[in-house]
Every structure is written in structure tokens, then in C-alpha cells.
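Keep the structure open while reading.

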Amino acid sequence: MTELIWLFVSIGIGVVIVFLGIVYVILRLRDKTSGFPAQDERTQRISGMAARYALHIGLYFMMGVMFVLIIGQEFLDLPDVSAGPVLIASMLVFSLTYLGLQFYFDRKRDQV
């Protein structure tokens, strides 16, 4: 039963990746044909600020998770946690923080 579920989940993930790739290519082609530059100084500065803040937040999140896992194993006798869910959570924190901050800084307009 679980093999069937994972088959559908894998197919779903593949479909989402292909869909996002198609949307990205369409948007890039539309921007290219419109004549506007894809990256200007403001956009690069916003992306850099968002990446820097996302890196710091993600690293602090990972340090907090490691601290909780070490304390839980050494002092509270909690079972060992596999690395898969921890890595997935870390990737989500990094990417969602970056996207959120980039959206936030882009909406601030001239204050950045």
C-alpha cells in the first residue's frame, strides 16, 4: 500500500516541478519580449538582502534544531531522529524565508 502512495507522490512531485519550470520559462520569455531588463540594480540588491537574511535565519534554525536533538538525546533519552525530516524542514525554512523576504523587500519599494 505504501509503495502505491509513494508512486503517486513521486509522480505528483514530478508534475509540480515540470509545471513550475514551464511557468518560469514562459515568464522569462514574456519579460524578454517586452524589452524590460530582467535584473536591474534594485532587483539585485533586493535579492542579495533577501538571500543574506534567509541564510542567517536558516542557519540559526538549523543550530536550534541540532541543539534540541542533542539535548533530547543526551539528557531526555529521546529516540534518534533520522536526518530526512530535519533536512526537509531546513530546506523549507531556507527557501520560504528567502521567497517571503524577497516579496517583502520588493513591496517596500524605495525604502530598500
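## Buried side of helix 2

In this predicted model, helix 2 buries Ile46, Ser47, Met49, Ala50, Ala54, Gly58, Val65 and Gly72. Part of the cover over these buried residues comes from helix 3, residues 83-107.

An α-helix makes a turn every 3.6 residues, so residues three or four places apart point the same way. Ile46, Ala50, Ala54 and Gly58 are among the buried residues of helix 2.

## Length check

Helix 2 runs over residues 41-74, which is 34 residues. At 1.5 Å a residue, helix 2 should span 50 Å.

## How the two helices pack

The axes of helix 2 and helix 3 are 8 Å apart, and the packing angle is about 150°. Angles over 145 degrees count as roughly antiparallel. Helix 2 and helix 3 are therefore roughly antiparallel to each other. Their crossing is right-handed.

What kinds of residues form the contact of helix 2 with helix 3? There are 20 nonpolar residues, five polar and two charged.

## Leu101 in helix 3

Leu101 belongs to helix 3. Is Leu101 buried or exposed? Its relative accessible area is 18%. The cut-off for buried is under 20%, so Leu101 is buried.

Leaving aside residues up to four places away in sequence, Leu101 touches Ala50, Tyr53, Ala54 and Ile57. Ala50 and Ala54 are among the buried residues of helix 2.

## Ser47 in helix 2

Ser47 sits in helix 2. Its relative accessibility is 15%, so Ser47 counts as buried. Not counting residues up to four places away in sequence, Ser47 touches Tyr98 and Gln102.

How far apart are Leu101 and Ser47 in sequence and in space? They are separated by 54 residues in sequence. From C-alpha to C-alpha, Leu101 and Ser47 are 8.8 Å apart.

## Thr97 in helix 3

Thr97 is also placed in helix 3. With 16% relative accessibility, Thr97 counts as buried. Its contacts, not counting residues up to four places away in sequence, are Ala54, Ile57 and Leu92.

Ala54 and Ile57 are touched by Thr97, and Leu101 touches them too. Ala54 is itself one of the buried residues of helix 2.

Conventions: Residues numbered from 1 in each chain as written. Predicted model: local features only at pLDDT ≥ 70, side-chain atom pairs only at ≥ 80, totals over all residues. Heavy atoms only, no water. Helix = DSSP H or I, 4+ residues; strand = E, 2+ residues; numbered from the N terminus. Expected span 1.5 Å × (residues − 1). Buried < 20%, exposed > 50% of the residue type's maximum accessible area, 1.4 Å probe, protein only. Contact = heavy atoms within 4.5 Å. Axes fitted to C-alpha atoms, helices over the stretch in contact; angles between N-to-C directions. Parallel < 35°, antiparallel > 145°, perpendicular 65-115°, else oblique. Left-handed = near helix turned anticlockwise from the far one by under 90°. Nonpolar A, V, L, I, M, F, W, Y, C, P; charged D, E, K, R; others polar.
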